[in-house]
Amino acid sequence: MVYQEIMVHALNLMTDVFGNYVIQKFFEHGLASQRRELTGKLFGHVLSLSLQMYGCRVIQKAIEVVDLDQKINMVQELDGHIMRCVRDQNGNHVIQKCIECIPEDAIDFIVSTFFDQVVTLSTHPYGCRVIQRVLEHCKDQNTQSKVMDEILGSVSMLAQDQYGNYVVQHVLEHGKPHERSAIIKELTGNIVEMSQQKFASNVVEKCLAFGSAAERQLMVDEMLGTTDENEPLQAMMKDQFGNYVVQKVLETCDDRQRELILSRIKVHLTALKKYTYGKHIVARVEKLVAAGERRMAAQSLNTVGS
């Protein structure tokens with residue numbers, strides 16, 4: 001009964017602030033035959049619904065639950081309008097859902113649209129999400145290498161971009177070891193400078209968290225500088241973003257590195273207390289120093305005991 005009444009007004013309900021939820025529920029819980037019939041109502045309107053605030057939710061739900069042949073027919077209607085959807089506040093969610101729920105070979109026309117546009121899209125508020133979905137769900141070697149090559153070609157710029165930094169962080173967290181290493185290699189040499197930038201500092205933290213021990217060592221060396229006079233660490237500790245990177249270093253490095261860094265920091269503790277951001281480090285260091293001293297004491301007791 002309910003279905004009969006709703007079906008007549010299905011299209012209008014899809015773009016209604018409340019009605020869209022009822023249609024979504026039918027996609028979720030309706031009979032297979034009802035679901036197929038309801039999907040039929042979408043045909044011819046997929047693009048306009050994808051770009052509409054409530055319609056885009058209905059389209060996303062349909063992409064999740066309808067039969068594969070209907071999913072494929074639906075998204076075919078977006079062909080030629082992919083970039084428009086990606087850059088749209090509603091449409092981008094539909095494109096993300098296509099990448100998540102439809103087999104790769106059926107959405108090649110979507111993914112291939114991004115080739116040579118990866119960097120541009122990565123620096124876009126919605127595009128950066130779409131590129132992250134591609135990295136997660138597209139396993140095709142050709143796609144992966146094309147997308148990664150474009151990202152690696154502009155790593156420094158992307159790391160410093162307000163949206164691009166999320167794409168670089170995503171690769172550091174979920175990418176293959178050689179991709180992670182390529183990014184870290186590209187950023188090494190600018191670690192100190194990047195640590196003092198709002199967006200890039202988050203990328204440096206991810207490098208420290210996910211890099212190998214050898215890569216972390218290179219970054220630590222860079223922060224410690226070559227001489228006492230040339231000590232970037234001090235500048236980083238006073239910096240509103242850099243101080244978080246120093247905290248991340250203390251969290252991720254091995255005991256030997258930590259002792260070395262703490263001994264360098266101790267010298268500056270009093271001076272640091274004057275700086276707003278230095279205070280975060282002081283609190284952190286005092287905790288670590290106390291813990292370190294307790295460890296040393298325990299070790300020396302053991303030595304004396306033996």
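E64 counts as partly exposed because its relative accessibility is 35%; here buried means under 20% relative accessible area, exposed over 50%, and partly exposed in between, with a 1.4 Å probe and protein chains only. The model is predicted, so local features need pLDDT of at least 70 and side-chain atom pairs count only at pLDDT 80 or more, while totals for chains, interfaces and linings use all residues. Residues are numbered from 1 along each chain as its sequence is written, and side-chain values use heavy atoms, leaving out hydrogens and water.

E64 forms a salt bridge with K97, a term for a side-chain nitrogen of Lys or Arg within 4 Å of a carboxyl oxygen of Asp or Glu. E64 belongs to helix α6 and K97 to helix α9, so this pair ties together parts 33 residues apart in sequence. Helices (H or I, at least four residues) and strands (E, at least two) are DSSP runs, numbered from the N terminus. K97 is buried, its relative accessible area being 14%. Through shared partners, salt bridges join K25, E28, K61, E64, K97 and E100 into one network. The table lists three of these pairs.

| Pair | Closest N to O distance |
|---|---|
| K25 and E28 | 3.7 Å |
| E64 and K97 | 2.7 Å |

K25 and E28 both lie in helix α3 (residues 19-29), about one turn apart. K61 counts as buried because its relative accessibility is 15%. A search of the whole structure finds 12 salt bridges.

Helix α9 (residues 91-101), which holds K97, has 8 of its 11 residues buried. Among them are V94, I95 and K97. The buried residues of α9 pack against several helices, including α6 (55-65) and α10 (108-114).

I95 is also one of the residues with the most contacts inside the largest nonpolar core, which has 90 residues. Such a core is a set of buried Ala, Val, Leu, Ile, Met, Phe, Trp, Tyr and Cys residues joined through side-chain atoms within 4.5 Å. This core draws at least three residues from each of domain 1 (1-103) and domain 2 (213-305), bounds that come from an automatic or database domain assignment. The C-alpha centres of the two domains lie 54 Å apart. L42, another core residue with the most contacts, is in contact (heavy atoms within 4.5 Å) with residues including M14, F27 and E77, leaving aside neighbours within four places in sequence.
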